[in-house]
Amino acid sequence: MPTPDHDDLDARFTALMRQIDAEQAARMRRAGRRLDRRRRRHDRSHGARRRVTLAAWLAVAAVAAAGAAVTLRPDLLPAPSSSGPVPEETRPVATRAPRVVAAPDPFAGSPAAGFADGEGGLVLPRPGRWPG
């Protein structure tokens, strides 16, 4: 049941629409149809976007499931086949221990030449002599 306010609004809308000429009304209808077409096109593209997103997430889930399966059961992968001798570039290289050369004294000629080496060179402050 329409209310008195509803009737008033309806009458005001009708009076307003009478002020618009036929050409303007036709332009408004065309604009409304264009907007409706755009809206429908957007809805279709939104559905396509949703399908692409779903496909991407399914691909990520499949890769994660395959990784988990191989991690938990490495026997699912085929064993590497030995097809002959190992190429020379991949063999381990035999090395000798590096030659140790005595380094010259880095403090020779400086005031630090007479300081103690190792732990003896560390001097901790006494508890009563903290600054501040």
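I began with salt bridges and found four in the structure. I count one when a side-chain nitrogen of Lys or Arg is within 4 Å of a carboxyl oxygen of Asp or Glu. The model is predicted: local features need pLDDT of at least 70, side-chain atom pairs count only at pLDDT 80 or more, and totals for chains, interfaces and linings use all residues. Residues are numbered from 1 along each chain as its sequence is written, and side-chain values use heavy atoms, with hydrogens and water left out.

I looked up R12. Its salt-bridge partner is D8, with 4.0 Å between the closest N and O atoms. Both sit in helix α1 (residues 4-19), four residues apart, about one turn of the helix. Helices are DSSP runs of H or I with at least four residues, strands are E runs of at least two, and numbering starts at the N terminus.

Next I checked cover. I call a residue buried under 20% relative accessible area, exposed over 50%, and partly exposed in between (1.4 Å probe, protein chains only). R12 is exposed at 54%; D8 is partly exposed at 40%.

I moved on to R30. Its side chain meets that of E23 in a salt bridge, 3.8 Å from N to O. R30 is partly exposed at 37%, and E23 is partly exposed at 44%. A network of salt bridges links E23, R27 and R30.

I then took R73, which bridges to D75 at 3.3 Å between the closest N and O atoms. R73 is partly exposed at 45%; D75 is exposed at 57%.

Last, the whole chain. I find two helices and zero strands. Buried residues are 2% of the 132.
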